[in-house]
Each structure stands twice: as structure tokens, then as C-alpha cells.
Amino acid sequence: MYEFIKSSKIILLFVSLSFIATIPFGCETEKQNPNYQAEAANPEFIHRSMQALSEVIKYDLFAPMIASRIYTYSHIAAYEAANAQLPNYQSLKGQINGLQNLPSVDKDKTYCLTLSAVCAYLKVGRKLIFSEDSLDNFRKNILADFKKIGIPRDVYERSIAFGDSVGGSIIAWSSKDNYAQTRSKSKYTVTPSNLTRWRPTSPDYGDALEPHWCELRTLVMDSAAQIKPIPAIKYDSAKSSAFYKMALETYNLVKTNAPDKTETAWYWDDNPAATFNTGHVNVTRKKISPAGHWLWITMYNARQNKKDVYESIDSYLRVALAQFDGFIACWDEKYRSEVIRPESYIAKFIDPNWLPIIITPPFPEYTSGHSVISGASSTILTHLFGENVAFTDSTEVQFGLEARHYNSFKEAGEQAAMSRIYAGIHYRPACAEGFKQGVAVGNLIIQKIRTKK
């Protein structure tokens, strides 16, 4: 009888173990969704990632050109991870300066490429910002949302690993763009007695920003000087001179204080760290950068035109590339021409009590950086979405301003450029020629970069 009971227990134990072996690892029942690829290929995953990175960039107070660098390397990483198994897309290797030796997928295994793209994007973004915890929390939450879709565990883990691997490769490549070396280079020197060159302006009278930015490795341009504007108007204090007349135009536009022009100046302000003096307290207002503003416009139009996740990533990539090289081309000219700002010139020769509407940025005047970025971005978006595509820009609503409607990207870009004259921080030639310079950069990206086979 004892032997029978003992044998029965052994048989029962064997049956129990056999049943347990059929339960997924970790004693969890995971729902695997047969349509997980379609559900994961939701462009909102990449749109949300861009918004999250923008919030951190804004919080960390990165200067406009540094913000552009963060966005661009992150979008390159997302693109390279996303297209790894797509027959219609090709890598940027060999198209962008110095980009080689990226990881590849195992062709015999399945990946969720949207998940890989998001991981690559966030890995690069995290490396280049300060507030890592914010992006870590976002990553944790968005990965949980991917997991809820029902992606098979092996695909889920493999996709994350691949995205992180691509991100690591882009980080290594980005570290060779000469950015780190420019951190320790000499400051721009100002000679107080030389009234013809740029000098610091109120309220902070800060040092010239990023005088060595043009020394960064370009991405598509062959050099920083490949796309030059026409030479700046020569400094002259005579009332009959072209320089005096263009300064007088800026002075009068601000003095007139037309509501529509003032509102436009504030709408396109896009100063990431504007400082205001309130009594004895300095207050810094954090806003989105020019590059960020145009990437948000890209997001709105990708949504409006129902672009899929791969088309959305492609759109962000192209706009970011144009912005990156646009800043380098612009900064190359700024520190070559060293044009004095309206605030300094007007105070000396026209009206000592005059001030611009928005704060003058701390770098030379010609060409206008926002005009270059707007020319480059609007050219890319016109190429992607069409000539006369009407859209509403809600980017500034988060800063208490009303959304604006435009009939085309060119209309928005030209308004952004003109806003700098209305604001009193530029002369007309810097905006007009800066916009043309940006258009030329955008057209170069369109000509040189091939994402689709």
C-alpha cells in the first residue's frame, strides 16, 4: 500500500511539473498580439519622443545651435534604427560626413523597428542633455506602452537591444564632430574702442556665443563656407550711408509699435533663455528654440497629412539635417562679418533711449540665425508636403500665445525672418539674405540626401 501511494505521488509530481513547464517564464501569462507590428508602427511613438526631448532641451536651457545638435543626432539614430529591415529605405552611411560602421539586424530574426527607433532616439538624446532623469522616466513609460501592445518577449528585448546599439554608434560618431574641442577654445575678444564691430548688449552683456561653432564637422555641406551669403553692408555712421538707413528702418519699425508686427516679433521670439529684470530680481523665461519650433511644425504636418511612422521619422531627419548645417553656415558668416547689432548702433547714432522689443541675442548680427533656420526648414517641408499646404502652428500656445494659420511653409518662414526686424534685433539684409542662405542649405539637403531607394 505504501509503495502504491509513493508511486502515485511521483506520477502526480511529474504531471504537475509538466504542466508548469507550459507556463511562460516568470509565472506570467503574456498576451501576444498577432497584430503587434501594425499597432507598434504608430507615429505617435516618435512624435511623443520628440516632444519629450524638446521639454528637456527647454528645461536645460541649451543655446539654439546646441539644441539643433541634440535634435539632429537623435533623429539620425532614430532613422538608422527604423530603416534596418525596410526594403524601400536606405542608410545614410556614405551620404553624411564620417558616418560609417553602424550595427545591423540579424536578417533571420524579427524586430519591432518603431521600438528600436524610439530606443535609439532616446539613448542619443539622453547622452547629449543634462536632465537624464526626465528622459529616463519618459523611456520607462513609453516602453511600458510598447509592452502593452503584446509584442513577443524575444522581439521586444531584441528590438530594444538593437535600438540601443544604434544609439551607441551614433553617440560615438557624434563625439568626433569637434564639439568637445570647441568647449575649451578662446573667447571672442571685444575691443571697446572699436565701434564698428559687434559688442555685448543689454541686459546681461554676455560674451559672444559659440564663436567657434563653424569649426564643427558639417553633415552634408563640404565645409562651413560652402554656402555663403552676399557680403554684409559696410559699417558707416554717416546719415547718408546705406548702413545708417537700414538701422533707421529697424528703429522706426520698433518705434511705430504696430500691434501686428509686435505680436509677430513675440511669436517667433524662440529665445531659449530670455532674461528679464523685475525690480532687483533676474527672471529667466524658458522657451523653445528656433530648431525646436520648426520640428514641432513638422510634427503638426506629419499628423495632418497622416504620415506613417517611417515617413514621419524621415521628415524629422531631413529638417534636422538642414538646421544643423544651416547653423554652421550662419555662424561661419557671423564671425567673419562681425556686424554690430541695431541696439548698439542706434543707441550711439540715432536714439540713446531706444531698445528692441525682444532681447538681443549675444552674437554678431549678420546673417540672422532664425532666418537661416526658417529658410532651411521651410524649404525641406515644402519639398516633403507641397507648395501650398495650409497649416496651423500651435507651438506657441504652450507659452500663452494664440495659434497661427499659414497658407504655406514659405509664408511661415518669411514671416519668421521678418519678425527679427520687427523685434529690433536685426537689419533687413540679415533677414532677407539669411533666409536665402537657409533655402540654399535646404536645397542642398534635398539634392544630396537619399533616404528612399
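Glu 311 sits in helix H12, residues 309-337. Helices here are DSSP runs of H or I with at least four residues, strands are E runs of at least two, and both are numbered from the N terminus. This is a predicted model, where local features need pLDDT of at least 70, side-chain atom pairs count only at pLDDT 80 or more, and totals for chains, interfaces and linings use all residues. Residues are numbered from 1 along each chain as its sequence is written, and side-chain values use heavy atoms, with hydrogens and water left out.

Back to Glu 311. Its relative accessibility is 23%, so Glu 311 counts as partly exposed. The cut-offs: buried is under 20% relative accessible area, exposed is over 50%, partly exposed is in between, with a 1.4 Å probe and protein chains only. What does Glu 311 touch, not counting residues up to four places away in sequence? Tyr 89 and Lys 452. Contact means heavy atoms within 4.5 Å. Leu 384 is 73 residues from Glu 311 in sequence, yet C-alpha to C-alpha they are 9.5 Å apart.

Next, Asn 271. Look in the loop between helix H10 (259-267) and strand S1 (273-278). Asn 271 is buried, at 15% relative accessible area. Leaving aside neighbours within four places in sequence, Asn 271 contacts Arg 285, Lys 287, Ile 288 and Ile 359.

Last, a helix pair. Among the residues that meet are Met 50 and Leu 53 in H3, and Ile 70 and Tyr 71 in H4. The residues of this H3 contact with H4 divide into 8 nonpolar, 3 polar and no charged. Nonpolar means Ala, Val, Leu, Ile, Met, Phe, Trp, Tyr, Cys and Pro; charged means Asp, Glu, Lys and Arg; the others, Gly among them, are polar.
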